[in-house]
Amino acid sequence: MSLRLRPTMLSDLDWVASVERDGANLPFITPWERTQHEGAIRFPDSRHFIVEGWSPSPAGVPAIPHGDAAALGSGPAGGRGDALQRIGFVILQGCRNPNGSVELKRLVLQPKGRGLGRVAVRQLKAMAFTQLHAHRFWLDVKALNARALTLYQSEGFVEEGRLRESVRVTIDGADGYDSLIVMSLLDREYQARVALGLEAA
């Protein structure tokens, strides 16, 4: 499945909220209020995207127009007879940071275990370093999110430190605290990966 990013519309926010509160995602994120998402859409320092995936359309059903997504250069167009589906969303912050430090604030994908997270992370790295001219692309991830940790490590992100027991989590009725792991990738590290062919789509 090819992925595209398009700017999130206000009309997408009910769907975004439902994805955040899905039981498969809720343990790993802190859901935002609608007003926070609206701010990320409108604030020039942020980028809020819907992640869309191409999948075959039923026979006789035309492809859904992809609109603004093509302008982002974030993936090849689907073929004739393919349709776009919303499969997740992304929030970037610090896009106008004077120190070139861009944060991957949130990446939530609904399909699990299909390798789509890796595809999305590579597209976001390319965007951060080539379009936003970042010096540092960083994120934090809950320690209990082992799948995401493994992905980010394999994609070149380096652990910088841990904010110990800094977020409260409730899972299956158990109430406790988890640590946030801060990770980053620098522009020279990204370019070295590109030179080695490690950033191929």
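## Strand β7 and its partners

Strands β5 (residues 136–142) and β7 run antiparallel and are joined by seven bridges. Here helices (H or I, at least four residues) and strands (E, at least two) are DSSP runs, numbered from the N terminus, and two strands pair if DSSP finds at least two bridges between them. Across from lysine 142 sits leucine 180 in β7.

This is a predicted model, with residues numbered from 1 along each chain as its sequence is written. Local features need pLDDT of at least 70, side-chain atom pairs count only at pLDDT 80 or more, totals for chains, interfaces and linings use all residues, and side-chain values use heavy atoms, with hydrogens and water left out.

β7 also pairs with strand β6 (residues 158–171), again antiparallel, over ten bridges. Glycine 161 has valine 182 of β7 as its bridge partner. Two residues lie between the strands in the β6–β7 hairpin, and there aspartate 172 takes a positive phi near 50 degrees.

## How covered is β7?

Mostly: of the 13 residues in β7 (residues 174–186), ten are buried, meaning under 20% relative accessible area with a 1.4 Å probe, protein chains only.

## The nonpolar cores

A nonpolar core is a set of buried Ala, Val, Leu, Ile, Met, Phe, Trp, Tyr and Cys residues joined through side-chain atoms within 4.5 Å. The largest one has 33 residues, and Leu92, Leu104, Leu107, Phe137 and Tyr152 have the most contacts inside it. Elements giving two or more residues to this core include α3 (116–131), β5 and β7. α3 supplies the largest share, seven residues. Another core, of eleven residues, lies apart from it, with Leu13 and Ile29 among them.

Key: Buried means under 20% relative accessible area, exposed over 50%, partly exposed in between (1.4 Å probe, protein chains only).
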